[in-house]
Amino acid sequence: MYIQREIGPGYNPYLTTPDRDAGTFMDVGLLVLKEGAQWALSEPDKEAALLLLKGSVRFEWDAHNAVAERPDEFRHEPWCLHVPKNTHVSVTALADAEIYVQATENERDFPAKLYRPEEVHVQHAGANGEL
(Lines give C-alpha, C1' and ligand atoms only; values in the text may rest on other atoms or scores of the structure.)
Protein backbone atom coordinates (compact mmCIF):
# COMPACT_ATOMS: atom_id res chain seq x y z
CA MET A 1 0.00 0.00 0.00
CA TYR A 2 2.84 2.42 0.75
CA ILE A 3 4.77 3.73 -2.21
CA GLN A 4 7.69 5.07 -0.22
CA ARG A 5 8.58 4.44 3.40
CA GLU A 6 11.68 6.63 3.64
CA ILE A 7 10.77 10.24 4.29
CA GLY A 8 12.93 12.90 2.67
CA PRO A 9 12.70 16.53 1.59
CA GLY A 10 9.96 17.26 -0.93
CA TYR A 11 6.71 15.44 -1.57
CA ASN A 12 6.59 11.89 -0.19
CA PRO A 13 3.60 10.00 -1.69
CA TYR A 14 1.77 7.37 0.35
CA LEU A 15 -1.23 6.72 -1.89
CA THR A 16 -1.52 7.64 -5.57
CA THR A 17 -4.59 7.32 -7.77
CA PRO A 18 -5.49 5.30 -9.70
CA ASP A 19 -2.91 2.53 -9.34
CA ARG A 20 -1.96 2.54 -5.67
CA ASP A 21 -4.72 4.24 -3.71
CA ALA A 22 -6.04 1.22 -1.75
CA GLY A 23 -9.54 2.03 -3.00
CA THR A 24 -9.59 5.52 -1.47
CA PHE A 25 -9.68 7.41 -4.79
CA MET A 26 -7.27 9.88 -3.19
CA ASP A 27 -3.67 10.97 -3.46
CA VAL A 28 -2.12 11.24 -0.02
CA GLY A 29 1.39 12.34 0.87
CA LEU A 30 3.66 14.17 3.25
CA LEU A 31 5.38 17.33 2.07
CA VAL A 32 8.65 17.99 3.91
CA LEU A 33 10.18 21.42 3.34
CA LYS A 34 13.42 22.83 4.71
CA GLU A 35 13.53 26.53 5.50
CA GLY A 36 13.55 28.53 2.26
CA ALA A 37 12.28 25.68 0.09
CA GLN A 38 9.33 26.21 -2.24
CA TRP A 39 6.77 23.78 -3.63
CA ALA A 40 3.92 24.23 -6.09
CA LEU A 41 0.69 22.34 -6.64
CA SER A 42 -1.68 22.64 -9.58
CA GLU A 43 -4.18 19.85 -10.12
CA PRO A 44 -6.35 20.24 -13.24
CA ASP A 45 -8.94 17.66 -12.12
CA LYS A 46 -8.47 17.40 -8.34
CA GLU A 47 -9.37 19.44 -5.30
CA ALA A 48 -6.64 19.47 -2.66
CA ALA A 49 -6.23 20.03 1.06
CA LEU A 50 -2.91 21.04 2.60
CA LEU A 51 -2.83 20.55 6.39
CA LEU A 52 0.12 22.13 8.19
CA LEU A 53 1.41 19.59 10.71
CA LYS A 54 4.31 21.66 11.97
CA GLY A 55 6.53 24.53 10.97
CA SER A 56 5.98 27.91 9.36
CA VAL A 57 4.92 28.47 5.75
CA ARG A 58 3.50 31.05 3.39
CA PHE A 59 0.57 29.73 1.35
CA GLU A 60 -0.18 31.57 -1.90
CA TRP A 61 -3.25 30.82 -4.02
CA ASP A 62 -5.40 32.82 -6.44
CA ALA A 63 -4.81 36.43 -5.36
CA HIS A 64 -4.36 35.47 -1.69
CA ASN A 65 -1.49 34.68 0.63
CA ALA A 66 -1.17 33.90 4.31
CA VAL A 67 1.51 32.92 6.79
CA ALA A 68 0.67 29.83 8.85
CA GLU A 69 2.64 28.71 11.90
CA ARG A 70 2.28 25.59 14.00
CA PRO A 71 5.07 24.64 16.42
CA ASP A 72 3.85 21.02 16.63
CA GLU A 73 0.84 18.90 15.80
CA PHE A 74 0.02 17.84 19.36
CA ARG A 75 -0.35 21.08 21.31
CA HIS A 76 -1.33 23.55 18.59
CA GLU A 77 -4.38 23.61 16.33
CA PRO A 78 -3.98 23.18 12.56
CA TRP A 79 -4.12 25.41 9.53
CA CYS A 80 -5.59 23.86 6.38
CA LEU A 81 -5.81 25.27 2.86
CA HIS A 82 -8.61 23.66 0.79
CA VAL A 83 -8.65 24.51 -2.91
CA PRO A 84 -10.75 23.43 -5.91
CA LYS A 85 -9.34 21.88 -9.06
CA ASN A 86 -7.28 24.12 -11.32
CA THR A 87 -6.00 26.27 -8.45
CA HIS A 88 -2.30 27.01 -8.41
CA VAL A 89 -0.88 26.85 -4.88
CA SER A 90 2.63 27.87 -3.89
CA VAL A 91 4.10 26.98 -0.50
CA THR A 92 7.26 28.62 0.85
CA ALA A 93 8.83 27.30 4.04
CA LEU A 94 9.66 30.15 6.42
CA ALA A 95 11.04 27.48 8.79
CA ASP A 96 11.32 23.69 8.44
CA ALA A 97 7.78 22.39 7.84
CA GLU A 98 5.70 19.26 7.31
CA ILE A 99 2.37 19.36 5.45
CA TYR A 100 -0.15 16.55 4.93
CA VAL A 101 -1.39 16.78 1.33
CA GLN A 102 -4.55 15.07 0.10
CA ALA A 103 -6.18 15.37 -3.33
CA THR A 104 -9.17 13.77 -5.05
CA GLU A 105 -11.11 14.25 -8.27
CA ASN A 106 -13.99 16.68 -7.98
CA GLU A 107 -15.90 18.18 -10.90
CA ARG A 108 -17.60 20.81 -8.74
CA ASP A 109 -16.09 24.22 -8.30
CA PHE A 110 -16.06 25.96 -4.91
CA PRO A 111 -14.26 28.92 -3.35
CA ALA A 112 -10.84 28.16 -1.90
CA LYS A 113 -10.74 28.42 1.89
CA LEU A 114 -7.94 28.75 4.41
CA TYR A 115 -9.08 27.28 7.71
CA ARG A 116 -7.32 29.02 10.60
CA PRO A 117 -6.76 27.41 14.02
CA GLU A 118 -9.65 29.32 15.59
CA GLU A 119 -12.02 27.93 12.90
CA VAL A 120 -11.12 24.28 13.32
CA HIS A 121 -13.04 21.98 15.65
CA VAL A 122 -10.60 19.60 17.34
CA GLN A 123 -11.50 16.68 19.58
CA HIS A 124 -8.67 15.60 21.87
CA ALA A 125 -9.65 11.94 22.18
CA GLY A 126 -7.60 10.04 24.70
CA ALA A 127 -6.37 13.19 26.42
CA ASN A 128 -8.19 12.24 29.64
CA GLY A 129 -8.43 8.50 29.08
CA GLU A 130 -11.60 8.69 26.94
CA LEU A 131 -11.95 7.20 23.47
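A salt bridge here is a side-chain nitrogen of Lys or Arg within 4 Å of a carboxyl oxygen of Asp or Glu. Keep in mind that you're looking at a predicted model.

**Stop 1: Lys46 and Asp27**

Select Lys46 and Asp27 and show their side chains. They form a salt bridge, with the closest N and O atoms 2.5 Å apart. This pair ties together distant parts of the chain: Lys46 belongs to strand β4 (residues 46-61) and Asp27 to strand β2 (residues 27-33), 19 residues apart. Are these two buried or exposed? Turn on a surface to look. Lys46 has 13% relative accessibility, so it counts as buried. Asp27 is buried too, with a relative accessible area of 10%.

**Stop 2: Arg75 and Asp72**

Next, pick Arg75 and Asp72. Their side chains meet in a salt bridge at 2.7 Å, N to O. Color by accessibility if your viewer can do that: Arg75 is exposed at 68% relative accessible area, whereas Asp72 is buried at 11%.

**Stop 3: Lys113 and Glu119**

Now move to Lys113 and Glu119, whose side chains form a salt bridge of 2.8 Å, N to O. Lys113 is partly exposed, with 30% relative accessibility. Glu119 also counts as partly exposed, at 39%. Remember Lys113, because Lys113 turns up again at the last stop, at 30% relative accessibility.

**Stop 4: the β4–β5 hairpin**

Go back to β4 and select strand β5 (residues 64-70) with it. The two run antiparallel and are joined by 7 bridges. Together they make a hairpin with 2 residues between the strands. Click on Asp62 in that turn: its phi is positive, about 45°. Then find Arg58, which sits opposite Val67 in β5.

**Stop 5: what pairs with β7**

Which strand pairs with β4 over 14 bridges? Select β7 (residues 88-105). β4 and β7 pair in the antiparallel sense over those 14 bridges. Stay on Arg58 for a moment: its bridge partner in β7 is Thr92, while Val67 is opposite Arg58 in β5.

Now bring β2 back into view. β2 pairs with β7 in the antiparallel sense over 7 bridges. Zoom in on Leu31 to find its bridge partner in β7, Ile99.

**Stop 6: Cys80**

Finish at Cys80, which lies in strand β6 (residues 79-83). Cys80 has a relative accessible area of 17%, so it is buried; the cut-off for that label is under 20%. What is Cys80 in contact with, leaving aside its neighbours within four places in sequence? Select Ala49, Leu50, Leu51, Lys113, Leu114 and Tyr115 to see those contacts. Among them is Lys113, the partner of Glu119 in the salt bridge from Stop 3. Then draw a C-alpha to C-alpha distance from Cys80 to Leu114: they are 34 residues apart in sequence, but 5.8 Å apart in space.

Technical notes:
Residues numbered from 1 in each chain as written. Predicted model: local features only at pLDDT ≥ 70, side-chain atom pairs only at ≥ 80, totals over all residues. Heavy atoms only, no water. Helix = DSSP H or I, 4+ residues; strand = E, 2+ residues; numbered from the N terminus. Buried < 20%, exposed > 50% of the residue type's maximum accessible area, 1.4 Å probe, protein only. Pairing = 2+ DSSP bridges. Contact = heavy atoms within 4.5 Å.
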